[in-house]
Amino acid sequence: MHQRISLLALFSTADAPHFGSRRFLQALRFVVTSAPALLQGKGSRDFGFKVVCPGPDFAMLAKAVLSLGLWLQFAAGQNTPERGPQPSTSNSEGDLLFLLDSSGSVSYYEFSRVKEFMWDLVQPFTFGPRDVQTSIIHISTTPTMEFPFDRYLSSGTLQQAIRNTQQLMGDTNTGKALSYAKEKFFSDEAGARPDVPKVLVWVTDGFSTDDISEPMQLLKDMGVTVFIVSTGRGNYLELSAAASQPPEKHLHFVDVDDLPIITKELRDAILDVIQANRLHAVDITSSSFRLMWPKLLSQETGYYTLEYAPLDDLARKRTKQVSGAHTSLMLSNLAPETTYEVALIPESNVHYFPPQTTRVTTLPEETSPAQVLISESGPYSFHVSWAPTLDSVIGYQILYGPLPGNSVKLLEVDGEHNSTVVENLAPNTTYLVTVTAVYKSGKEKSLSAKACTQEEGSKVRHLRFEDMGPNTLKASWDSADGKVLGYRVRCRRQTGPSSVISVSPQIRSVVLTDLASGTTNKVCVKPMYKNQPGKRLCRMVHMQPATDAQGYKHRQRA
């Protein structure tokens with residue numbers, strides 16, 4: 001069952017010291033950001049989160065949030081996102097700089113965990129002069145660049161470089177490091193590139209011995225997107241002002257042991273920055289993808305030429321032109337599992353814009369049917385459904401016949417539907433069902449399944465009783481299989497006459513009266529079919545004596 005759990009966190013600014021405590025921030029971060037993702041991963045819950053600001057009893061509330069964080073960790077099975085190989089992320093271009101707190105205020109253990117986090121964060125990226133480049137600047141007494149942006153352009157060499165990074169110790173002069181970063185971010189000597197997105201990820205324990213506001217603002221004014229990860233007792237107001245806006249997306253408070261919790265969220269936010277400013281593909285299928293690019297031209301200033309061809313056969317190049325007002329184009333009728341080289345050429349009558357290129361690989365061809373499901377089986381019919389439904393399929397043919405035997409019948413269903421009912425079957429019989437998809441191209445694909453009809457005259461299930469008052473019971477049951485014409489209910493009283501009640505197939509309950517206290521009565525329900533009645537289901541019902549508590553006891557007939 002799908003549940004929605006709303007978490008109400010109550011906060012006050014009256015008790016600021018608690019607000020910065022590491023354990024509180026760890027639990028709060030887990031509650032707000034991580035628990036929903038972890039528990040949604042189990043496929044059973046949705047979360048809502050609401051924050052209000054009441055009175056001064058913050059210490060109690062902080063304790064409650066800590067408890068709530070522990071409970072959520074337990075409910076989530078104490079899981080964190082798995083490390084290991086991640087899907088490769090291409091079509092991205094940008095210079096990514098880590099501002100790493102390497103001062104003496106950080107323990108060796110914390111420094112090691114941050115290095116693991118950095119690699120987990122960038123592991124799926126594609127590195128190169130036309131993709132992502134990364135660098136590290138140490139925060140210490142004197143800022144130091146660990147390596148320039150263009151030194152490590154493969155995953156293997158970058159991973160080893162991050163592992164080899166050593167802590168420098170010294171003071172936490174973050175302001176100096178930010179000013180140093182501003183120089184390196186736009187320096188050819190540091191391997192930085194002009195006209196690509198710039199992203200700064202500052203990992204801090206929350207302390208700085210010098211001012212950060214002015215150098216940080218200069219970085220943001222120069223177009224750098226700033227993400228901050230605080231693993232300690234940081235000043236929320238100061239850090240939220242330092243991060244890019246909105247802080248909900250760019251500022252993270254998390255304990256150093258829980259950094260994997262925010263990895264995917266932070267990586268996705270970085271991708272939003274470095275993918276938005278270059279040609280990239282979205283909505284990729286086996287036969288199409290949509291190209292998107294930044295707005296460079298207008299209707300009046302030029303047009304775009306798009307060239308694309310399979311990488312292994314560039315001579316099959318195709319060209320399209322769109323007006324300067326466009327920033328996307330859908331390419332269709334492509335080959336499945338094929339890598340395409342795509343070039344976007346802005347043709348401007350005002351400025352020169354360099355071409356942008358990317359490579360896009362279409363998905364393997366999706367086929368239908370990939371699965372066939374038999375359900376709602378009765379004596380004379382069953383329901384057949386299949387998946388997936390594809391635009392490339394114009395119709396389906398359903399062949400069915402008894403096993404063993406040579407008798408085969410055909411049903412035809414249009415391509416927009418994925419199910420049908422097979423009727424007029426023989427009871428208690430095994431059928432072979434074959435679903436064939438007929439594609440627009442003329443090819444066909446088939447998948448078969450076995451289906452069994454129910455025995456004719458099936459009995460009802462789950463006969464149960466409800467006390468309706470003195471000497472009165474309500475008998476209810478679940479429906480029998482097949483085309484039931486109605487139900488017949490017989491009540492044989494220990495004292496008094498027997499009775500028979502007939503009801504329509506839509507009714508699955510009756511009220512039985514005149515059941516004397518202290519007596520044992522027999523109730524039977526039988527489904528009625530066209531050719532013969534089904535098997536009856538009987539229960540013995542004991543009515544309690546009048547002196548006992550009201551109610552009844554029932555048992556199945558031996």
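**Asn471**

I began with Asn471, which counts as partly exposed at 35% relative accessibility. The model I am reading is a predicted one. I placed Asn471 in the loop between strand 23 (461–469) and strand 24 (472–478). Its phi is positive, about 65°, although Asn471 is not a glycine. I noted for comparison that most residues other than glycine have a negative phi, and that most peptide bonds are trans.

**Other backbone entries**

I looked up Glu376 next and found a phi near 50°, again a positive value in a residue other than glycine. Glu376 sits in the loop between strand 16 (371–375) and strand 17. Is Glu376 exposed or buried? Glu376 counts as exposed, at 64% relative accessibility.

I then turned to cis peptide bonds. The bond from Gln245 to Pro246 is cis, with omega near 0°, and Pro246 is in the loop between helix 8 and helix 9 (247–250). The bond from Ala387 to Pro388 is also cis, with omega near -5°. I found Pro388 in the loop between strand 17 (382–387) and strand 18 (393–402).

**The whole protein**

I took down the overall figures. The protein has 558 residues, of which 46% count as buried. Its secondary structure comes to 10 helices and 30 strands. The accessible surface is about 28,200 Å², and 50% of that belongs to carbon and sulfur atoms. Of the contacts between residues at least 6 apart in sequence, 65% join residues at least 24 apart.

How many residues of strand 3 are buried? I counted 8 of the 8, so strand 3 is largely enclosed by the rest of the structure. Gly94, Leu96, Phe98 and Leu100 point one way from the strand, while Asp95, Leu97, Leu99 and Asp101 point the other way. Strand 3 pairs with strand 4 in the parallel sense over 8 bridges. In that pairing, Phe98 stands opposite Ile136.

Which residues touch the most other members of the largest nonpolar core? They are Val122, Val201 and Ile270, in a core of 35 residues. The elements that give two or more residues to this core are strand 3 (94–101), helix 4 (108–122), strand 4 (132–139), helix 5 (155–164), strand 6, strand 7 and helix 10 (263–275). Helix 4 gives the most, with 7 residues. A second, separate core has 25 residues, including Ala192, Val224, Val226 and Phe253.

Leaving aside neighbours within four places in sequence, Val201 is in contact with Leu96, Leu97, Phe98, Leu99, Phe227, Leu266 and Ile270. Leu96, Leu97, Phe98 and Leu99 are residues I had already listed on strand 3.

I also checked Gln160, which lies in helix 5. Gln160 is partly exposed, with a relative accessible area of 39%. Its C-alpha atom is separated by 9.5 Å from that of Trp119, 41 residues apart along the chain.

**Helix 7**

In helix 7 (residues 213–221) the buried residues are Pro215, Met216, Leu219 and Lys220. Why do these buried residues line one face of the helix? Seen down the helix axis, they fall within an arc of 140°, so they line one face. An α-helix has 3.6 residues a turn, so residues three or four places apart point the same way. On the other side of helix 7, Glu214 and Asp221 are exposed. The buried residues pack against helix 6 (174–185), strand 6 (198–204), strand 7 (224–230) and helix 8 (236–242). Just after helix 7, Gly223 takes a positive phi of about 95°.

I ended with the open sheet of 4 strands in the order 12-11-14-15, where the pairing is antiparallel. Strand 12 and strand 15 (356–361) stand at the edges with a single partner strand each, so one side of each has no neighbour in the sheet. The twist averages 20° from one strand to the next.

For strand 11 (residues 302–310), 7 of the 9 residues are buried, so the strand is largely enclosed by the rest of the structure. Strand 11 is joined to strand 14 (residues 339–348) by 9 bridges, and Thr305 stands opposite Ile345 there. Strand 11 also pairs with strand 12 (residues 318–323) over 6 bridges. In this second pairing I found Tyr304 opposite Val322.

How values were computed: Residues numbered from 1 in each chain as written. Predicted model: local features only at pLDDT ≥ 70, side-chain atom pairs only at ≥ 80, totals over all residues. Heavy atoms only, no water. Buried < 20%, exposed > 50% of the residue type's maximum accessible area, 1.4 Å probe, protein only. Arc of directions from axis to C-beta. Contact = heavy atoms within 4.5 Å. Core = buried A, V, L, I, M, F, W, Y, C linked by side-chain atoms within 4.5 Å. Pairing = 2+ DSSP bridges. Axes fitted to C-alpha atoms, helices over the stretch in contact; angles between N-to-C directions. Areas by Shrake-Rupley, 256 points an atom, 1.4 Å probe, with all protein chains shown as cover.
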